[in-house]
Amino acid sequence: MTITDTPANSPFRGSGGIDFSKTDGLVPVIIQDEQTLEVLMLGYMNQEAYDKTVQDKIVTFFSRSKNRLWTKGETSNNFLHVKNIALDCDNDTLLIKVKADGPTCHTGSRSCFNTGYNHNFIFELQNIIEDRYTNPQEGSYVNKMRSKGLNKIAQKVGEEGVETVIAALAESETDLINEASDLVFHLLVLLREKNLSLETIAKNLESRHK
């Protein structure tokens, strides 16, 4: 059995080493979006591809069809930037969380799996709001809200909360969905204004559940 030692500078978070011996020197690699947790694709790595991935912090596979190393994005520029690497309990499968530069699938879809819609769009929306903060765009609603300051943003969340309650009690299901969506959106803006994230809220909820 050949066990691979983890390089010192690796974002690898598993224990022990990777066993490349079970499938003729290759291990399956699941690629997952760091923010939305959506599964983007499945590929394979050998020792050389893994080492290059760790060194460059950009995902490189071993292509079975091309019979060579293949860096995802080498032709499309839709690179997969490594944020975290985890090893499964049998030491023969990797889970890599990434930040994707663009669509992952060669068809132009964000994922190679036909999931119908982005089940975690709320995380993507958080990313869009973050982008508006770091790269302000003229006419952006987020930037207009930001220019009005914290008090106005907080007030807007309160207004949307009241409208959501009213819709739940006296209006249609469609009205409730729309008002709840407005509430969540403005809450995300408020959290960003206070430099907080959905991840922080999720961790807090998890700790309170325990």
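Is R68 buried, partly exposed or exposed? R68 counts as partly exposed, because its relative accessibility is 36%. The model described here is predicted.

## Salt bridges

Seven salt bridges are found in a search of the whole structure. One of them joins the side chains of R68 and E74, with an N to O distance of 2.9 Å. E74 is partly exposed, since its relative accessible area is 34%.

In another, D92 pairs with K22, and the closest N and O atoms are 3.2 Å apart. This pair links distant parts of the chain, 70 residues apart: D92 is in the loop between β7 (80-87) and β8, while K22 is in the loop between β2 (18-19) and β3 (27-33). D92 counts as buried at 18% relative accessibility, whereas K22 is partly exposed with a relative accessible area of 44%.

The side chains of E130 and R192 also meet in a salt bridge, at 2.5 Å from N to O. Because E130 lies in helix α2 and R192 in helix α5, this pair ties together parts that are 62 residues apart in sequence. E130 is partly exposed, with a relative accessible area of 31%; R192 is buried, with a value of 18%.

## Surface patches

A nonpolar patch on the surface is formed by I30, V39, L42 and F113, which together have about 300 Å² of accessible area. F113 belongs to the loop between β8 (94-100) and α2 (121-134). With a relative accessibility of 41%, F113 counts as partly exposed.

A negative surface patch consists of E159, E163, E171, D175 and D182. Helices α4 (150-170) and α5 (173-193) each contribute at least two residues to the negative patch. E159 lies in helix α4 and is partly exposed, its relative accessible area being 30%.

## Buried residues and their contacts

E160 also lies in helix α4. E160 is buried, with a relative accessible area of 4%. Apart from neighbours within four places in sequence, E160 is in contact with E179, D182, L183 and H186. Among these contacts of E160, D182 is also a member of the negative patch.

T104 is found in the loop between β8 and α2. T104 is buried, because a relative accessible area of 2% falls under the 20% limit. When residues up to four places away in sequence are not counted, T104 touches L40, M41, K72, L80, S109 and R110. T104 and L40 are 64 residues apart in sequence, yet their C-alpha atoms are 6.4 Å apart in space.

Terms used: Residues numbered from 1 in each chain as written. Predicted model: local features only at pLDDT ≥ 70, side-chain atom pairs only at ≥ 80, totals over all residues. Heavy atoms only, no water. Patch = residues over 30% accessible without salt bridge, like charges linked within 9 Å, V, L, I, M, F, W, Y side chains within 5 Å. Areas by Shrake-Rupley, 256 points an atom, 1.4 Å probe, with all protein chains shown as cover. Salt bridge = Lys/Arg side-chain N within 4 Å of Asp/Glu carboxyl O. Helix = DSSP H or I, 4+ residues; strand = E, 2+ residues; numbered from the N terminus. Buried < 20%, exposed > 50% of the residue type's maximum accessible area, 1.4 Å probe, protein only. Lys, Arg positive; Asp, Glu negative; His and termini not counted. Charge placed at Lys NZ, Arg CZ, Asp CG, Glu CD. Contact = heavy atoms within 4.5 Å.
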